[in-house]
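Please prepare a careful briefing on this structure for someone who is new to it. Group the points by topic, and keep to what can be read from the model itself.

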Amino acid sequence: MENNIVEDVQNARDEKEYSAGSAKGEDKDKEPRIIAFVCNWCTYNGADLAGTSRMKYAENVRVIKLPCTGRIDPLFVVEAFKKGAKGVLVSGCHPGDCHYTSGNYHSRRKYTAFRDLLSYLGVDINRVEFSWISASEGNKWVSVINEFTNKIKLLPDNSDIFSKK
Amino acid sequence: MEKMNDKLQKTAKELLENKEVNLIIGFTKGSNPLRMRSVFITDPDDVSKLSFNAHCVQDLAVFLKKPEVKKFGKVGLIVKGCDEKAVNTLIQEYQLSRDNIKIIGVECRGVVKQNLADKGEDSVKQSTVYDKCLVCEVHTPLLYDYLVESDEPAFEINGDIKPYAKIEELDAMSVEDRNMFWQKEFEKCIKCYACRQACPLCYCTRCIVEKNTPQWIETNIEETGNAQWNMIRAYHLSGRCIGCGECERACPVNIPLMLVNEKMARDVFEKFGYKSGVDINAKPVFGTFDANDFNEFIK
Amino acid sequence: MARIGVFVCWCGSNIAGTVDVKRVAEEAAKIPGVVEAVDYKYMCSDPGQNTLRKMIKDKNLTGVVLAACSPHMHENTFRKAAVKEGLNPYFIEIANIREQVSWVHEDKEKATEKAIDLLKMMVEKVKKNKPIEDVRVPLTKKALVIGGGISGIQAALDIANGGVEVILVEKEPSIGGKMIQLDETFPTLDCSSCIMTPKMVEVYQHPNIKLYTYSELEEVSGYIGNFNVKIKKKARSIVEKDCTGCGDCWNICPMHKNVKSEFNVNLSERTAIYVPFPQAVPLIPVIDRSVCLHYKKGGKCQKCYDACGPKCINFDLQDEIIEEKVGAIVAATGYDLMENSLYGEYGYGQFKDVISGLQFERLLSASGPTEGVVKRPSDGKTPETIVFIQCVGSRDPEKGVPYCSKVCCMYTAKHAKLFAHKVHGSQSYVFYIDIRATSKGYEEFVRGTMENEGAIYLRGRVSKIYEDNGKLIVKGADTLSGNQVEIAADMVVLATGVIPKKGSDKMAQMLGISYDKYGFYTESHPKLRPAESSTAGIYLAGMAQGPRDIPESVVSGSAAASKILGLFSKSEYEVEGTIASVNKTTCVGCFYCRRVCAYSAISKEEIKDRNGNVLKVVANVNSGLCAGCGACVNACFSKSIDLKGYLDEQIFAEIKSLAV
């Protein structure tokens with residue numbers, strides 16, 4: 001797939017204009033954005049179950065699906081903050097239920113240290129939520145999202161070191 | 001000290017002469033008498049350069065990651081107890097083979113803070129040594145092939161000592177205040193990565209900060225990227241940092257990095273009962289798990 | 001540059017009722033790289049799929065994003081359609097705007113906004129994707145079964161009858177396991193050796209089964225389809241092919257005292273050259289070198305050699321290492337019984353007539369030390385009163401194990417019943433906690449023991465046993481009546497708990513499979529994948545997984561066999577390409593990835609220069625073993641591992657697309 005240089009330049013220009021355009025339209029008092037990193041086997045299915053059961057919850061959440069909580073690098077959380085997310089949820093299978101036997105255990109260890117580090121460096125740890133939600137817990141997904149969204153809405157404006165100024 | 005130096009030199013000479021090692025890394029007198037610098041000895045006749053005293057601050061284990069040192073194969077390292085933990089961690093993390101190193105451990109009574117030494121301070125006491133020396137549990141290295149005992153008395157500790165006292169202060173602060181504190185500190189960062197270069201455990205040949213697909217850390221000098229670098233450095237050393245303090249000593253803008261490292265070390269010990277660099281056969285704390293690990297923060 | 005097609009599905013009114021699908025498509029069309037965005041009523045229908053295929057072809061698409069229902073519904077449908085047009089299936093991504101938007105939100109404006117966001121995320125994700133090829137692994141169509149008990153035998157026979165070669169490795173000199181030691185089996189009381197021996201012989205004679213007895217697994221490497229195993233065939237001191245099993249050697253052996261028979265659980269003695277039991281398969285003796293006089297007295301004794309007609313005894317034989325290549329493995333290593341001596345109050349080892357359940361089996365058995373006549377070990381008298389104690393070690397978190405050993409309730413009922421049959425006018429007492437008799441015919445069986453054979457069941461525990469005037473005085477509690485009871489018994493039989501075979505943890509480590517805190521092997525999924533271990537290509541059977549009875553062991557052996565026959569029915573083993581891969585240039589070999597991998601999929605690879613000098617050691621992902629979880633990616637400090645289909649760059653692109 002060879003591109004000619006004219007096309008490359010045009011593509012680059014398109015990208016730039018597009019991102020400038022979408023950023024411009026943002027309103028200051030817009031709803032806070034929440035990113036949820038979830039595992040494919042438990043929480044994603046739990047969220048789907050909330051859907052098939054027609055439960056209702058806050059619209060703020062955007063789900064990013066990964067195979068396992070073991071894949072959800074804590075540094076993704078920092079990246080999400082940098083890109084303007086006000087809250088980040090990490091969710092996967094309950095202990096003992098991991099599709100890959102131990103991904104959630106490894107992840108739990110990492111997040112234990114990571115959360116302490118974040119908090120120590122002055123990040124409000126209320127902005128990061130961690131939960132175990134199984135494929136049958138559509139109702140838990142709904143309550144975790146709603147409670148977390150409400151909590152995030154009540155937080156003061158971001159001023160910590162990873163927030164976009 | 002003379003007795004120590006004699007034994008150091010004798011041990012080093014024997015190792016080199018018997019070809020048990022091809023290189024000895026140790027300390028020698030610097031141009032300033034209160035500064036010691038590293039020295040690399042391959043010729044048995046040069047061992048007279050080796051010396052040890054309370055100004056041997058540097059963690060010489062840092063050289064073990066260098067390709068220039070690795071090519072020597074078997075290496076002898078003169079090392080204090082605190083720094084020796086770095087050797088153990090390197091062995092744990094497959095960066096070093098136990099067969100390739102002869103550890104010449106020195107019993108250390110504490111090292112004098114370099115900024116004080118530069119002003120002429122030469123005595124080892126509670127007020128002149130580094131914080132790590134006040135809480136030192138490894139005056140005698142945990143692992144060694146040869147031990148050079150100290151002929152100096154231990155310094156006295158009086159009253160209630162609080163090494164790294166700022167950690168508790170920070171813990172007691174509001175999150176906004178902590179943020180202010182670190183924001184101010186990280187503002188100073190010039191991303192020179194001296195902290196990384198000085199660290200014996202930052203051995204990646206391609207650091208995460210140099211990876212740009214994706215760009216994990218913003219490399220331009222602005223607040224977010226600075227904070228991110230310092231945060232990720234600390235995160236990568238959580239459960240691994242052995243507390244030698246070299247990063248902080250190397251920092252040209254004096255960011256108190258040990259406050260982060262020590263905090264994380266305490267945290268890992270509190271949550272997982274793990275101390276780094278203690279046992280070459282232990283599983284690193286973030287390379288394993290326990291089904292009953294800390295779960296309180298999870299909904 | 002990417003050429004991406006976007007399809008927004010209405011799902012009738014399921015999506016279109018809450019999401020402004022037209023607007024979603026319009027917004028999608030503005031995203032750089034999107035060549036066309038359309039909406040359609042039902043994308044999963046045949047016409048819908050044809051629209052998709054047509055656009056892939058006409059617009060020469062490099063990627064497709066569907067805003068539709070959950071990927072768990074139709075991702076495969078769309079991937080299959082895309083493959084037909086020559087598009088890499090992993091370049092299809094789905095934005096879930098039904099389960100996670102239209103069905104859970106009511107505000108149309110907000111729902112539409114969210115749908116657009118989810119779509120943007122997926123477009124950016126596809127843009128950063130790299131082609132993924134499914135992994136094909138060649139298969140060595142030969143299976144290894146470890147353990148020659150009933151479950152291993154069943155697995156071996158089923159696989160062999162399916163036309164596949166099997167290697168069966170058994171540690172003991174004969175196959176048969178624990179089952180061949182039993183007398184009669186509950187609940188039908190058919191004789192264990194009568195139903196077991198034909199199966200053992202069938203194994204021995206099967207053209208597809210290669211049997212290694214008195215052999216142990218030494219080393220396992222490789223992965224599904226391609227395991228290399230080393231088997232240590234211990235020196236029997238017999239040239240097997242010449243031996244006729246006539247028995248002249250063991251009949252003349254002078255060492256016939258003081259060596260306890262393992263088969264009869266120490267209730268009889270055996271010789272130094274011996275077959276464990278008369279129906280042993282193979283019927284070839286073995287010399288126990290630890291007791292044989294030839295070895296102990298510098299070669300003086302060679303009576304067996306002199307007696308042997310075919311001269312097949314060779315004292316100088318050495319252990320042999322045999323290498324085999326197999327495609328699949330069954331771990332059926334069985335179980336042990338707990339040490340009875342843990343319970344000092346029961347006097348096991350102190351009083352000769354306190355015996356274990358397995359010993360009682362031998363006393364009942366016609367092939368046992370007493371030829372089936374129940375005699376007590378101390379004086380050979382036939383006991384008239386026996387006390388059976390259940391849950392010795394089981395369900396006792398303090399001293400034993402917390403779990404239920406499952407078979408003890410049933411075999412105790414059987415013991416009481418057989419005792420009543422053999423010794424008329426005798427009396428059994430059974431101390432129990434609960435009676436667990438849940439399979440077909442089991443409850444009736446226990447009832448029969450109580451009601452027809454007159455066994456007295458006492459719910460409670462025994463506190464003490466002591467000897468008094470030739471009797472064993474058993475003191476215990478009957479918690480139902482609230483009385484303390486004291487029984488003068490002639491014999492006491494302990495129903496000892498089941499534990500994993502000694503060394504099963506080492507075996508698990510060798511195989512790279514996971515095991516629980518007791519040492520039982522864990523299933524890949526406790527409900528849905530009960531025959532599979534955590535490692536691809538290694539299957540589980542029998543008590544090695546946990547306590548179970550004979551029918552369940554047979555079923556599990558067959559289950560493992562059917563999994564292997566299924567695996568071997570294809571020419572190659574195919575795995576999804578969404579697996580980890582290492583950047584070997586930047587990998588520094590700290591092997592945190594290897595530590596966190598639950599599948600032993602990461603190995604060490606030496607990078608060498610032209611002269612063969614090792615430059616460095618790096619991680620290598622074995623594509624046959626990798627399950628694609630990504631834990632290794634998270635563990636890597638230098639970000640030298642990535643997960644195909646979920647690349648770091650793709651996740652970053654998704655996050656970036658949401659930047660506010």
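In this predicted model, the count of disulfides over all chains comes to 2. One of them joins A:Cys42 to A:Cys93, and C:Cys191 forms a disulfide with C:Cys194.

**The disulfide in chain A**

- The sulfur atoms of A:Cys42 and A:Cys93 are 2.4 Å apart, and a pair of cysteine sulfur atoms within 2.5 Å is taken as a disulfide, so this pair qualifies.
- A:Cys42 lies in the loop between β1 (34-39) and α2 (43-52) of chain A, while A:Cys93 lies in the loop between β3 (87-92) and α4 (103-120) of chain A, so the bond ties together parts that are 51 residues apart in sequence.
- Because the torsion about the S-S bond of A:Cys42 and A:Cys93 is about 100°, this disulfide is right-handed.
- Both ends are buried, with a relative accessible area of 10% for A:Cys42 and of 4% for A:Cys93.

**The disulfide in chain C**

- Between C:Cys191 and C:Cys194 the distance from sulfur to sulfur is 2.2 Å.
- The torsion about the S-S bond of C:Cys191 and C:Cys194 is about 90°, and the disulfide is therefore right-handed.
- C:Cys191 is partly exposed, with a relative accessible area of 23%, whereas C:Cys194 is exposed, with a relative accessible area of 51%.

**Cysteines without a disulfide**

- A:Cys98 is in no disulfide, and the nearest cysteine sulfur, which belongs to A:Cys68, is 3.9 Å away.
- A:Cys98 is buried, its relative accessible area being 8%.
- For B:Cys133 the closest cysteine sulfur is that of B:Cys108, and because the two sulfur atoms are 5.9 Å apart, they are too far from each other for a bond.
- B:Cys133 is also buried, with a relative accessible area of 8%.

**Backbone features**

- As background, most residues other than glycine have a negative phi, and most peptide bonds are trans.
- In chain B, the peptide bond from B:Thr213 to B:Pro214 is cis, with omega near 0°, and B:Pro214 lies in the loop between α8 (194-198) and α9 (223-237) of that chain.
- In chain C, the peptide bond that leads from C:Phe186 to C:Pro187 is cis, with omega near -5°, and C:Pro187 is found in the loop between β8 (184-185) and β9 (190-191) of chain C.
- C:Ser237 is not a glycine, although its phi is positive, at about 70°; this residue lies in the loop between β12 (226-233) and α9 (248-252) of chain C, where C:Ser237 is buried, with a relative accessible area of 0%.
- C:Arg395, which is not a glycine either, has a positive phi of about 55° and lies in the loop between β19 (385-392) and α13 (408-422) of chain C; C:Arg395 is partly exposed, with a relative accessible area of 22%.

**A pair of packed helices in chain C**

- Two packed helices are described by the angle between their axes and the distance between the axes.
- In chain C, helix α2 (residues 21-30) packs against helix α6 (residues 108-127) at an angle of about 35°, and the axes of the two helices are 10 Å apart.
- The crossing of α2(C) and α6(C) is right-handed.
- On the side of α2(C) the contact is made by C:Arg23, C:Val24, C:Glu27 and C:Ala28, and on the side of α6(C) by C:Glu109, C:Thr112, C:Glu113, C:Ala115, C:Ile116 and C:Leu119.
- By type, the residues of the contact of α2(C) with α6(C) divide into 5 nonpolar, 1 polar and 4 charged.

**Chain A as a whole**

- Chain A has 5 helices and 4 strands, which follow the pattern α-β-α-β-α-β-α-β-α when chain A is read along the sequence.
- Of the 165 residues of chain A, 62% count as buried.
- Among contacts in chain A between residues at least 6 apart in sequence, 81% join residues that are at least 24 apart.
- The accessible surface of chain A is about 6200 Å², and 51% of this surface belongs to carbon and sulfur atoms.

Terms used. Residues numbered from 1 in each chain as written. Chains lettered and ligands numbered in written order. Predicted model: local features only at pLDDT ≥ 70, side-chain atom pairs only at ≥ 80, totals over all residues. Heavy atoms only, no water. Buried < 20%, exposed > 50% of the residue type's maximum accessible area, 1.4 Å probe, protein only. Axes fitted to C-alpha atoms, helices over the stretch in contact; angles between N-to-C directions. Left-handed = near helix turned anticlockwise from the far one by under 90°. Contact = heavy atoms within 4.5 Å. Nonpolar A, V, L, I, M, F, W, Y, C, P; charged D, E, K, R; others polar. Areas by Shrake-Rupley, 256 points an atom, 1.4 Å probe, with all protein chains shown as cover.
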